[in-house]
Amino acid sequence: MTETMVTTGTTTGSGGSRVLGAVTLLGLATLLLFAFGLTEPDVRLHPTTGEEIGQFDAVRLLYLHVPLAVFTYVAFVLCAVASAGYLVRRTPWFDTMAHAAAEVGTVFCGLVLVTGSIWGRPVWNTWWEWGDVRLMTTLVLFLMFAGYLALRRATVDPRAAALRGAVVALVAVLDLPLVNRSVEWWENRTLHQKSTLGELKIQDLTLFTLMLGFLVFGLVLAWLLLHRFRVGWLEREDAELGVATAIAERRAAIDGGDVDAAVGEDA
Amino acid sequence: MSRFLADARLVAAKDLRIEARSRVVLNQVAPFALLVLVLFGFALDADQRTLRAFAPGLFWVAVLLCALLAIQRSVSVEQADGALSGLRLSGMSPAALFVGKASAVFVQLVVLEVLLTAGIIVLYGSEVDQPLLVFATGLLAAVAVACTGTLYGALASGLGVRETLLPILLLPVLAPVLIGATRAFDDALGSAAVDGWSWLGLLAVFAVVATAGGALAFGALVEE
């Protein structure tokens, strides 16, 4: 066989990541308890008619939707930075990180679209609002990163995959500022509200649950990213091991005088 | 600089000569363009009022579908007989190569746009209110699509799944072009009361960024 040794373990788990995973899952359960149990539904009284208005129970989804959206940004920015890093340094670390961040980011982005759509049905009275610039730019973002993942999967040569992926990621991330600033730039072309976090217009348990959401989804991102990165790293090592093994076999064939086997011909 | 332009012209002339002799775009893509217009007619139940109202959007969707085919063709002529290796060894700068390839696609797109414009006038009953706006939109959008398409064609080249991969990579990126060009045509064809000239700005910015970005990134992609 070969003398090449596998340098890392065969699992993506480690002591630290198991603790992180346990904390993340506990946090997720706590968040769900607060979001869907302990917080109040959003019910206000109309100032003149006295009718009950508000988002009612739908508001609970926002404890997931808003943190997910924020960490979608984080993941995609991380992907872009790692892609740029790859173009400069050309090391596998950057490439593996970019791939991992893009994959987790795409999952988050999909969840943002789904939670937003489910929330929009009762509150905006529609699953999908074509006039909303933020919805459109987010969907385009999702599709571009879906294309990124498809490209990476389809490209066999790892160096070509890394290089092409980096170019696609850097183009796709140009959409991020549009998503983020759309509520400011196209105020009357969106149903999304402007950020109210800066002014702390929301209070008490609502604010606590939202902050908990940010913390928990930050942990989810870190946890998934860690494992995805390690999977990517193991895949790369596996591929290198395969090449090293093949080379060693050919060398052994030459040493044994079997030239036909060495050049890949059937004896 | 003159060397750059001479190289780019050489590459563009090569691609257009291949097209002139093989007639793939003329014999296959152009009829496909008209077919798409006819299919839209069937899908919308051949109601000419509806077709006229939506002609700008249908026009640009048809352009994007045809552009996909033209770009696939532009990539595939370099795949045969290791033509790309030959180009790489020719000593031409990758940026010149990019501009040349994109220019050939641009010329083909303009021809298709002219054909499709005639198509929506005849089939949908559209009327050109502002010929200058139609002209400017057609040119800028063709630059944007040709440059972006040439870059993404290089990204998907050499892959067994190129035909299926290119649309998912390219079409989301071209969404701003579709929106901008459709709004400009809305104004130019009198389908909607919008200021088409302001949307032309978006197209111009996109075209400039796509040209510059493509010329920069193309080198890294063909030299991999």
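Reply: Here is that contact side, followed by the two chains that meet there.

The model is predicted. Start with the contact itself. On chain B, 13 residues take part, and they are in contact with 16 residues of chain A. Two helices of chain B each give at least two residues to this side: H7, residues 162-173, and H9, residues 196-222. H7(B) supplies the largest share, with five residues. What classes of residue make up the side of chain B that touches chain A? Twelve are nonpolar and one is charged. No polar residue is found there. A nonpolar residue here is one of Ala, Val, Leu, Ile, Met, Phe, Trp, Tyr, Cys and Pro.

Now the chain behind that side. Chain B has nine helices and zero strands. Along the principal axes, its C-alpha atoms fill a box of roughly 55 × 30 × 30 Å. Of the 224 residues in chain B, 46% are buried. Take the contacts in chain B between residues at least 6 apart in sequence: 83% of them join residues at least 24 apart.

Next, the partner. Chain A has eight helices and two strands. Its order along the sequence is α-β-β-α-α-α-α-α-α-α. Buried residues make up 32% of its 267 residues. Among contacts in chain A with a separation of 6 or more, 75% come from residues 24 or more positions apart.

The two strands of chain A deserve a look too. E1(A) covers residues 42-45, and E2(A) covers residues 52-56. They pair in the antiparallel sense over three bridges. Leu45(A) stands opposite Glu52(A) in E2(A). Together E1(A) and E2(A) form a hairpin, with six residues between them. In the turn sits Gly50(A), with a positive phi of about 75°.

Back to the part you asked about. The side of chain B that touches chain A draws its largest share from H7(B), and by class it holds twelve nonpolar residues and one charged residue.

Methods. Residues numbered from 1 in each chain as written. Chains lettered and ligands numbered in written order. Predicted model: local features only at pLDDT ≥ 70, side-chain atom pairs only at ≥ 80, totals over all residues. Pairing = 2+ DSSP bridges. Helix = DSSP H or I, 4+ residues; strand = E, 2+ residues; numbered from the N terminus. Buried ≥ 20, exposed ≤ 12 C-beta atoms within 10 Å, placed from the backbone. Contact = placed C-beta atoms within 7 Å.
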